[in-house]
Amino acid sequence: MSTTTQTPAAQSSSLVQSYAFRTFAVVFAIAAPVIYTICEIGNLPLFTYHPGTNRVEFGFARSVRDQGPAMHWYGWTASTLLGSAILGLIAAKLPESLTRKIPLALVWIAPLAVIPVLIYALRFFWRW
Amino acid sequence: MGLVPDFILDYVNVTTYWTLLFTFHALLAVALLGALTHQAASVLMPMRQAAAAGGPSFTERFRAVHGPGYAAAVCVLWIVTFFFGAWIYTKYRMYVRIPIEQEGFWKTQGVFELKEHLASIGLGLLPVYWLFWKDARNPEYDSPRKWLTVTLAAFCWYIFLAGHIVNNVRGFGS
């Protein structure tokens, strides 16, 4: 049994050098904007929160009459983090020769690319 | 009244509780905005040579920050600010959004909706942002690190200003 312990700095350094973590982080960043947009447009929250009654329901739920609004944003965010993490973990298991082909530029292009789609999805609010 | 843990009400009243929470959220947002703006300036206009005689100017000092030193702080600030914002959102949804809609301020509400989208998407960018800055000597990361930092800074500015606009519509004391 090893008695050596890693300092936080050493753990951080090993994470930085890990190719599996790099793949996870890159895929997570590319997937998150795409999954979030799909969840928002498709109304696919992991859960729905009812702030009026402090109640949580699994999946999508409509607001209940006289019980206040239903909130889906928490659920969209949870769906996004879960979905992106699953895709990132799967990608981290793939061979390096394959994951090397993922363009790193997508980590900033993907979040910018979904903005027009999200603005369009909010068209209900752009009234004059 | 939004999500208020009962034990907190033993120490402060509801109004003070939301005021403190909102103030912490705003202060954290200012810190995050400052850190990301410094970092974005440092990657967009990097300092290439020593300052001329007379010392560096204000703008030179502004962009001469050590970027990697900000990465962990930005990640922590984004997450904590997000958490406080998500908490306040329970109050907002009940007591701010409904009057905004009743007054017909649809565009203001739309601006806020986009703010929440960008905050969540920004959360998903943090692991790779941290990695790119912590491995700052890797030349492969130079370009994506630069544009990812600028993207996060732009998101942060939008999120900050949208929150400010909504607060102007129906903020403290309304």
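**Figure 1. Salt bridges between chain A and chain B.** Chain A and chain B of this predicted model are joined by 2 salt bridges, each being a side-chain nitrogen of Lys or Arg within 4 Å of a carboxyl oxygen of Asp or Glu. One salt bridge brings together the side chains of A:Arg22 and B:Glu140, at 3.0 Å from N to O. Four elements of chain A each give two or more residues to the side that touches chain B: helix H1 (8-17), helix H2 (19-42), H3 and helix H5 (106-121). H2(A) gives the most, with 10 residues. Helices here are DSSP runs of H or I with at least four residues, strands are runs of E with at least two, and both are numbered from the N terminus.

**Figure 2. The contact between the two chains.** Here 42 residues of chain A and 38 residues of chain B take part, where contact means heavy atoms within 4.5 Å. The buried area is about 3,600 Å², and carbon and sulfur atoms give 78% of it. Buried area is the accessible area (1.4 Å probe) that two parts lose on being put together, summed over both.

**Figure 3. B:Val111 and the residues around it.** Look for B:Val111 in helix H5 (residues 106-134) of chain B. Leaving aside neighbours within four places in sequence, B:Val111 is in contact with B:Tyr158, B:Ala162 and, from the other chain, A:Trp126. B:Thr19 is 92 residues from B:Val111 in sequence and 23 Å from it in space, C-alpha to C-alpha.

**Figure 4. Two loop residues of chain A with positive phi.** A:Asn54, in the loop between strand S1 (47-50) and strand S2 (55-58), has a phi near 55 degrees, a positive value in a residue other than glycine. A:Asp66 sits in the loop between S2 and helix H3 (73-93), and its phi is about 65 degrees. A:Asn54 is partly exposed at 47% relative accessible area, while A:Asp66 is exposed at 77%; buried means under 20%, exposed over 50% and partly exposed in between (1.4 Å probe, protein chains only).

**Notes for all figures.** Residues are numbered from 1 along each chain as its sequence is written, while chains are lettered from A and ligands numbered from 1 in the order in which they are written. In this predicted model local features need pLDDT of at least 70, side-chain atom pairs count only at pLDDT 80 or more, and totals for chains, interfaces and linings use all residues, while side-chain values use heavy atoms, leaving out hydrogens and water.
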